[in-house]
Amino acid sequence: MDSLIFLVPLALLIGVVALVIFLWSLRSGQYEDLDGAAERILLDEDEDRGPGA
Amino acid sequence: MSCCAAGAADAARPIDAVSNEELLLASRDLGDGLRQVDLAVPDMHCADCIRKIERGLAGLPGVTHARVNLSTRRASVKWRGEVPPLIETLAGLGYASHLYDTTEAASDPQLTRLIRALAVAGFSSMNIMLLSVSVWSGADAETRQAFHWISALLAIPALFYSGLVFFRSAWSALKHGRTNMDVPISIGISLAFGISVYDTFQNGAHAYFDAATSLVFFLLIGRTLDHLMREKARQAVSGLVRLAPRGATVLHADGSRDYLPVAEIEPGMVLLVAAGDRVPVDGTILSGASELDCSVVSGESLPQPVEAGSVLKAGMLNLTGGLVVTATARAEDSFLAEMVRLMEAAEGGKARYRRLADRASQLYSPVVHATAFLTLIGWIAATGDWHRSISIAIAVLIITCPCALGLAVPIVQVVAARRLFENGVMVKDGSAMERLAEIDTVAFDKTGTLTRGQLKLVDDERIEPTDAAIAAAMAASSNHPASRAIAARFGVGDVTFARLTEIPGRGIEAELDGQTYRLGRADWALTNPGEWQGAVLSRDGKLLAPFFFTDELRPDAREAVSALRQAGLETLILSGDRAEAVQATAAELGIPNFTASALPADKVFRVEALAAAGRKTLMVGDGLNDAPVLTAAHVSMAPASAADIGRNAADFVFLRDSLKAVPLAHHVSMEAGRLIRQNFGLAIVYNLIALPIAIAGWVTPLIAALAMSLSSILVVANALRLKAGNGKGEAKSSAAVKTRPTEAAERDVRQTPVAQGQPWTA
């Protein structure tokens, strides 16, 4: 029982962190162009940044 | 990595050119002098394409930002000041591009909302399930109590954030005096939550937080997939009516010129239509001569020569010479708008069709409500124990969770859509597959659908290489379909002419080594045409070589038609082309029924007559003139080469050349229909077993969770069989496609009388 007092909240905390990370990645548009992201890995760094960046 | 450029360069022809004014009209003002425009670039497909396009566009003066989205095949460009030559730059890089309506390009907030709700529900239900497992395996009372409280806490976001999707939909249905699938879901999950909170307060042994949240999670998966399927349809439609030019150059009486949006053009205005432009509104030619590509308007396979006095319809493509045109109708009274109106009026089969899931839920909700209510009454009458009776009634609502309806149908459709996509067929709507499984008749358009809609040179071995090189070099300068066919066949050599002029309506004249070459219609190119008709190459009025063209059949047209016939479907042709041309194609493919010279309204009439006789028709067509009939038919299909408006009106779009896509789509749809029926069967069997257990009051949270997960896994696994079961067949058919084209192309090139008798004008 004692261990549960911190283990369960810890487990939930990790879950919440994962959820927040997912929601953040969704909001920041990382799922907008999945095919493009897969291909862009083949480009060199400076080209990938694109213009004006 | 130069995989794309070679093939794509061919596609990037200066036809359908977009003028700077049009670009400006389509762009969006971001303030501060910054403008943004979205271009669709369908041919990009690799990292090299991304790099070339982004670099090319960003290098233009004034451009501040250029970003490619490979998933949507779009490039978004922001710039300041003068309109940069975006389309020309892309064409130079070997990519065809066209304008995309920026106003509609916004991302889909509904989908983001669903995915967020799904993430929250997934988080809550999985953590609750984790705690529940220890409760089920016999945690002591104190721990159980603590876990129930944590579960209650975790269930709150799942219920009030994720569950809101169902509450809203249920509420709007109830407000209109209807009931839908979401009503029993909403009642079930909120009552289950309520009574579990009550039991937690009372130190009860059972709480249904796990059942309530995992129900929300499973159903949201189904809802999200369903939304994805429908959203595709909506997006496709939003790009509609862009075939119409956005504006036109108006010539005023005092000689000044103005570029006006198409909506502001009044009858009587004088317009300039340059070669390569589409005719903006209906009109008559004041001066000039040219050929028009009417294929999207009438289905006519050959370019039509026009001169002063000819009547034009909006949407026709001006090929060779500039025209001065008097507008005779406003945009909203023009041919294109008329097509849109016909399409709206024709919304027959599709609007009447009610989706399988909707029909099932119509039956489902009253039955579930009645059962739960009767269970409640029965238990109260038998025991008088309110708490127990309500618990059991809720268990009935939960256990009959419509997973088969909410999850199984969309998942079968998504798997089927995926399989079709792998074979080059795009589905716009899940219900389209349900409708396609019901058809008994297939109607084809001819030009562009059964045939490629492109001229191809035949019988060309006799032509001397030197003549061929000259002809190709002359033809390269022209946009005329026949010229393109010649240039494509012989390739462009390095012949340099002293003079080269295109004479609209006649052909091309060139001077080489003091001799005059003419490539064009025989009665113009030859001093003594005699028996020669059609297209010839001449030197100083003497015949060098005649050219014959045919509109070749699409690859696998014959196989596709016979496969459809074997599947027990009747085939027919509805074409706007001339009777001889249609008859030749019909005879070649063995299609007994055909209608030629059909106006768009005639096609709709034919399909509606079939529908009135109880027939369900699949229409396969590509032209603008097919758009209304594509809408009117029970279900419709168009090749990717179709006019935008036709492509948008169709339920299916096939991307590859082969017409085999039609029987394939039909086959997959039939199979998907079978799996959906099986899933309904599974759901019914599941309910037959689970319902008595629930009514008898034996359902504990453990049984509820097990039963629900099992039934969901079962229907999903069944849906996935669609893919697994056909892996071999798929491999075989794609191999067949690979070996086919050359062989098929050779065989399909038959000289139909389409091209030969017709005066060719280059």
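Over residues 702-720 of chain B the chain is 100% helix and 0% strand, with the end C-alpha atoms 27 Å apart. The model described here is predicted. The stretch 702-720 belongs to a series that UniProt, in an unreviewed entry, annotates as "transmembrane region" in chain B: residues 117-137, 149-171, 183-201, 207-225, 363-384, 390-416, 679-696 and 702-720. For residues 207-225 of chain B, the model gives 89% helix and 0% strand, and the end C-alpha atoms of this span lie 30 Å apart. Chain A also carries the annotation "transmembrane region", which an unreviewed UniProt entry places at residues 6-26. In the model, residues 6-26 of chain A are 100% helix and 0% strand, and their end C-alpha atoms are separated by 30 Å.

The two chains meet at an interface in which 30 residues of chain B are in contact with 24 residues of chain A. About 2200 Å² is buried between chain B and chain A, and 68% of this area is on carbon and sulfur atoms. Four residue pairs are in polar contact across the interface of chain B and chain A, counting pairs in which both residues have pLDDT 80 or more. On the side of chain B that touches chain A, the elements giving two or more residues are α3 (47-58), β3 (63-69), α5 (109-136) and α6 (141-162) of chain B. Of these, α5(B) gives the most, with eight residues. By residue class, the side of chain B that touches chain A comprises 16 nonpolar, eight polar and six charged residues.

Salt bridges were examined both across the interface and over the model as a whole. The count over all chains comes to eleven salt bridges, and one salt bridge is found across the interface of chain B and chain A. Side chains of opposite charge can pair when their charged atoms come close. A salt bridge within chain B joins the side chains of Asp48(B) and Arg51(B), with an N to O distance of 2.6 Å. Asp48(B) and Arg51(B) are separated by about one helical turn because they are three residues apart in helix α3 of chain B.

Chain B also contains open sheets. Six strands of chain B form one such sheet, in the order β7-β6-β8-β14-β9-β12, with antiparallel pairing. The edges are taken by β7 (257-261) and β12 (311-312) of chain B; each has a single partner strand, so one side of each is left without a neighbour in the sheet. Strand β9 of chain B, residues 283-287, pairs with β12(B) in the antiparallel sense over two bridges. The bridge partner of Gly283(B) in β12(B) is Leu312(B).

Another open sheet of chain B is formed by three strands in the order β11-β10-β13, and its pairing is antiparallel. Here β11 (304-306) and β13 (317-318) of chain B are the edge strands, each pairing on one side only. Three bridges join β10(B), residues 290-293, to β11(B), and these strands run antiparallel. Leu292(B) has Gln304(B) as its bridge partner in β11(B). Strands of a sheet pair through backbone hydrogen bonds, either parallel or antiparallel.

Terms used
Residues are numbered from 1 along each chain as its sequence is written. Chains are lettered from A and ligands numbered from 1 in the order in which they are written. This is a predicted model: local features need pLDDT of at least 70, side-chain atom pairs count only at pLDDT 80 or more; totals for chains, interfaces and linings use all residues. Side-chain values use heavy atoms; hydrogens and water are left out. Two strands pair if DSSP finds at least two bridges between them. Helices (H or I, at least four residues) and strands (E, at least two) are DSSP runs, numbered from the N terminus. UniProt positions are given in the numbering used here, feature names are shortened, and annotations may be inferred rather than shown by experiment. Contact means heavy atoms within 4.5 Å. Buried area is the accessible area (1.4 Å probe) that two parts lose on being put together, summed over both. A salt bridge is a side-chain nitrogen of Lys or Arg within 4 Å of a carboxyl oxygen of Asp or Glu. A polar contact is a pair of N or O atoms within 3.5 Å; within protein, one must be able to donate a hydrogen and the other to accept it, and residues adjacent in sequence count only if both atoms are side-chain atoms. Ala, Val, Leu, Ile, Met, Phe, Trp, Tyr, Cys and Pro count as nonpolar, Asp, Glu, Lys and Arg as charged, and the others, Gly among them, as polar.
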